[in-house]
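This report considers selected positions in a single structure, shown below.

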Amino acid sequence: GDGNGSVTLLKTNGATLFRTPAIEGSIGKNIGQAPDFIEHLNARERGVYRVKGAYDGVDRMVGHARLATYPIIIAVTASVDDALLPWRRELYQLLAFVFSVSGFALFFSRRSVRNARLAQQKLADSEQRFRTMIEHAPDAILVLDVDQQRIIDANPMAEKLFERTRGELLSGGVER
(Lines give C-alpha, C1' and ligand atoms only; values in the text may rest on other atoms or scores of the structure.)
Protein backbone atom coordinates (compact mmCIF):
# COMPACT_ATOMS: atom_id res chain seq x y z
CA GLY A 1 0.00 0.00 0.00
CA ASP A 2 0.96 3.65 -0.30
CA GLY A 3 2.26 5.74 2.60
CA ASN A 4 3.83 2.78 4.40
CA GLY A 5 7.43 3.79 3.67
CA SER A 6 9.65 6.65 4.81
CA VAL A 7 13.13 8.12 4.61
CA THR A 8 14.61 9.72 7.74
CA LEU A 9 17.95 11.50 8.32
CA LEU A 10 19.17 11.49 11.91
CA LYS A 11 22.21 12.89 13.67
CA THR A 12 24.24 10.20 15.46
CA ASN A 13 22.97 11.72 18.76
CA GLY A 14 19.36 10.88 17.70
CA ALA A 15 18.13 14.29 16.55
CA THR A 16 15.79 14.10 13.54
CA LEU A 17 17.02 16.30 10.68
CA PHE A 18 14.58 15.31 7.94
CA ARG A 19 11.71 12.88 7.35
CA THR A 20 9.54 12.19 4.35
CA PRO A 21 6.66 11.87 4.39
CA ALA A 22 6.74 14.56 7.09
CA ILE A 23 5.10 13.92 10.44
CA GLU A 24 4.07 16.98 12.47
CA GLY A 25 6.75 17.71 15.09
CA SER A 26 9.24 15.11 13.84
CA ILE A 27 11.93 17.57 12.67
CA GLY A 28 14.24 18.37 15.59
CA LYS A 29 12.74 15.58 17.73
CA ASN A 30 15.41 13.55 19.49
CA ILE A 31 14.91 9.77 19.47
CA GLY A 32 18.31 9.09 21.09
CA GLN A 33 16.61 7.27 24.01
CA ALA A 34 14.28 5.18 21.85
CA PRO A 35 15.01 1.40 22.04
CA ASP A 36 15.35 0.94 18.26
CA PHE A 37 17.79 3.87 18.04
CA ILE A 38 19.95 2.39 20.82
CA GLU A 39 19.66 -1.27 19.70
CA HIS A 40 19.83 -0.80 15.93
CA LEU A 41 20.33 2.62 14.35
CA ASN A 42 23.26 3.66 16.54
CA ALA A 43 24.59 0.20 17.39
CA ARG A 44 25.84 -0.81 13.94
CA GLU A 45 27.18 0.98 10.88
CA ARG A 46 24.46 -0.59 8.77
CA GLY A 47 21.72 -3.17 9.08
CA VAL A 48 18.10 -4.16 8.63
CA TYR A 49 15.56 -4.79 11.36
CA ARG A 50 11.82 -5.09 11.83
CA VAL A 51 9.73 -2.78 14.01
CA LYS A 52 6.07 -1.96 14.67
CA GLY A 53 5.33 1.70 13.87
CA ALA A 54 4.95 3.84 17.02
CA TYR A 55 2.31 6.05 15.37
CA ASP A 56 0.26 3.63 13.30
CA GLY A 57 1.18 0.10 14.45
CA VAL A 58 2.24 -0.89 10.91
CA ASP A 59 4.86 -3.67 10.79
CA ARG A 60 7.89 -2.22 8.97
CA MET A 61 11.33 -3.23 7.73
CA VAL A 62 14.00 -0.62 8.48
CA GLY A 63 17.25 -0.47 6.57
CA HIS A 64 19.85 1.93 7.95
CA ALA A 65 23.39 3.13 7.30
CA ARG A 66 25.68 5.55 9.11
CA LEU A 67 27.66 7.82 6.80
CA ALA A 68 31.41 7.42 7.24
CA THR A 69 32.29 11.08 6.77
CA TYR A 70 29.33 12.81 8.52
CA PRO A 71 27.64 12.16 11.89
CA ILE A 72 24.45 11.18 10.06
CA ILE A 73 22.32 8.03 9.96
CA ILE A 74 19.97 7.37 7.03
CA ALA A 75 16.97 5.15 7.82
CA VAL A 76 14.67 3.89 5.07
CA THR A 77 11.48 2.04 5.97
CA ALA A 78 8.98 -0.01 4.03
CA SER A 79 5.97 -1.81 5.42
CA VAL A 80 6.60 -5.56 5.66
CA ASP A 81 3.55 -6.04 3.40
CA ASP A 82 5.05 -3.76 0.73
CA ALA A 83 8.51 -5.32 1.09
CA LEU A 84 7.12 -8.83 0.76
CA LEU A 85 4.56 -8.03 -1.96
CA PRO A 86 6.70 -9.13 -4.96
CA TRP A 87 7.70 -12.29 -3.12
CA ARG A 88 4.09 -13.04 -2.14
CA ARG A 89 2.94 -12.34 -5.70
CA GLU A 90 5.49 -14.87 -7.01
CA LEU A 91 4.45 -17.35 -4.34
CA TYR A 92 0.76 -17.02 -5.28
CA GLN A 93 1.60 -17.36 -8.98
CA LEU A 94 3.66 -20.46 -8.23
CA LEU A 95 0.86 -21.93 -6.10
CA ALA A 96 -1.70 -21.16 -8.81
CA PHE A 97 0.54 -22.89 -11.36
CA VAL A 98 1.07 -25.94 -9.09
CA PHE A 99 -2.66 -26.23 -8.39
CA SER A 100 -3.60 -25.92 -12.07
CA VAL A 101 -1.00 -28.54 -13.08
CA SER A 102 -2.24 -30.79 -10.27
CA GLY A 103 -5.82 -30.23 -11.42
CA PHE A 104 -4.96 -31.16 -15.01
CA ALA A 105 -2.99 -34.20 -13.82
CA LEU A 106 -5.90 -35.31 -11.64
CA PHE A 107 -8.40 -34.75 -14.45
CA PHE A 108 -6.33 -36.66 -17.03
CA SER A 109 -5.37 -39.48 -14.66
CA ARG A 110 -9.03 -39.94 -13.71
CA ARG A 111 -9.90 -39.88 -17.39
CA SER A 112 -7.21 -42.43 -18.27
CA VAL A 113 -8.25 -44.66 -15.34
CA ARG A 114 -11.84 -44.43 -16.59
CA ASN A 115 -10.69 -45.22 -20.16
CA ALA A 116 -8.63 -48.17 -18.88
CA ARG A 117 -11.68 -49.45 -16.97
CA LEU A 118 -13.84 -49.09 -20.08
CA ALA A 119 -11.23 -50.93 -22.19
CA GLN A 120 -11.03 -53.65 -19.55
CA GLN A 121 -14.83 -53.97 -19.52
CA LYS A 122 -14.96 -54.13 -23.34
CA LEU A 123 -12.28 -56.83 -23.31
CA ALA A 124 -14.17 -58.83 -20.68
CA ASP A 125 -17.41 -58.47 -22.71
CA SER A 126 -15.60 -59.53 -25.87
CA GLU A 127 -14.09 -62.57 -24.11
CA GLN A 128 -17.54 -63.48 -22.80
CA ARG A 129 -19.05 -63.28 -26.33
CA PHE A 130 -16.15 -65.36 -27.72
CA ARG A 131 -16.60 -67.95 -24.93
CA THR A 132 -20.37 -68.14 -25.59
CA MET A 133 -19.81 -68.54 -29.35
CA ILE A 134 -17.27 -71.35 -28.85
CA GLU A 135 -19.37 -73.15 -26.23
CA HIS A 136 -22.47 -73.18 -28.45
CA ALA A 137 -20.85 -73.63 -31.86
CA PRO A 138 -22.21 -76.61 -33.86
CA ASP A 139 -18.64 -77.55 -34.83
CA ALA A 140 -15.74 -78.93 -32.79
CA ILE A 141 -13.37 -76.04 -31.95
CA LEU A 142 -9.85 -76.36 -30.55
CA VAL A 143 -7.89 -73.17 -29.77
CA LEU A 144 -4.17 -73.72 -30.25
CA ASP A 145 -1.18 -71.79 -28.91
CA VAL A 146 1.10 -72.10 -31.94
CA ASP A 147 4.24 -70.96 -30.04
CA GLN A 148 3.81 -73.52 -27.26
CA GLN A 149 2.37 -76.18 -29.59
CA ARG A 150 -0.55 -77.01 -27.29
CA ILE A 151 -4.32 -76.77 -26.99
CA ILE A 152 -5.46 -73.91 -24.78
CA ASP A 153 -9.22 -74.23 -25.21
CA ALA A 154 -11.80 -76.74 -26.45
CA ASN A 155 -15.59 -76.62 -26.79
CA PRO A 156 -18.13 -79.34 -25.90
CA MET A 157 -18.36 -80.48 -29.58
CA ALA A 158 -14.55 -81.06 -29.56
CA GLU A 159 -14.94 -83.11 -26.35
CA LYS A 160 -17.57 -85.21 -28.13
CA LEU A 161 -15.54 -85.58 -31.37
CA PHE A 162 -12.27 -86.58 -29.64
CA GLU A 163 -14.00 -88.45 -26.80
CA ARG A 164 -11.94 -86.56 -24.24
CA THR A 165 -12.91 -84.16 -21.45
CA ARG A 166 -11.86 -80.52 -21.86
CA GLY A 167 -9.25 -81.07 -19.09
CA GLU A 168 -7.75 -84.09 -20.95
CA LEU A 169 -7.64 -82.14 -24.23
CA LEU A 170 -5.86 -79.18 -22.56
CA SER A 171 -3.32 -81.34 -20.75
CA GLY A 172 -2.64 -84.12 -23.24
CA GLY A 173 -3.87 -83.33 -26.69
CA VAL A 174 -6.10 -85.41 -29.02
CA GLU A 175 -4.05 -88.64 -29.40
CA ARG A 176 -4.99 -91.74 -27.45
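Helices here are DSSP runs of H or I with at least four residues, numbered from the N terminus. The model under discussion is predicted.

## Leu-118 and helix α2

Helix α2 spans residues 80-136, and Leu-118 is found within this element.

In sequence, Leu-118 and Ala-140 are separated by 22 residues. In space, their C-alpha atoms are 32 Å apart.

## The aromatic pair

The model contains 1 aromatic pair. This pair is formed by Phe-107 and Phe-108, whose ring centres are 5.1 Å apart. Their planes meet at 75 degrees, and the pair is therefore edge-to-face, since that class requires an angle over 60 degrees.

## Thr-16 in strand β2

Strand β2 covers residues 16-20, and Thr-16 belongs to this strand. With a relative accessible area of 7%, Thr-16 is buried, because the value lies under the 20% limit.

Beyond its neighbours within four places in sequence, Thr-16 has contacts on both sides along the chain. Thr-8, Leu-9 and Leu-10 are among its contacts. Thr-16 is also in contact with Ser-26, Ile-27, Gly-28, Lys-29 and Ile-31.

Key:
Residues are numbered from 1 along each chain as its sequence is written. This is a predicted model: local features need pLDDT of at least 70, side-chain atom pairs count only at pLDDT 80 or more; totals for chains, interfaces and linings use all residues. Side-chain values use heavy atoms; hydrogens and water are left out. Helices (H or I, at least four residues) and strands (E, at least two) are DSSP runs, numbered from the N terminus. Rings of Phe, Tyr and Trp (its six-membered ring) pair if their centres lie within 6.5 Å; planes under 30 degrees apart count as stacked, over 60 as edge-to-face and the rest as tilted. Buried means under 20% relative accessible area, exposed over 50%, partly exposed in between (1.4 Å probe, protein chains only). Contact means heavy atoms within 4.5 Å.
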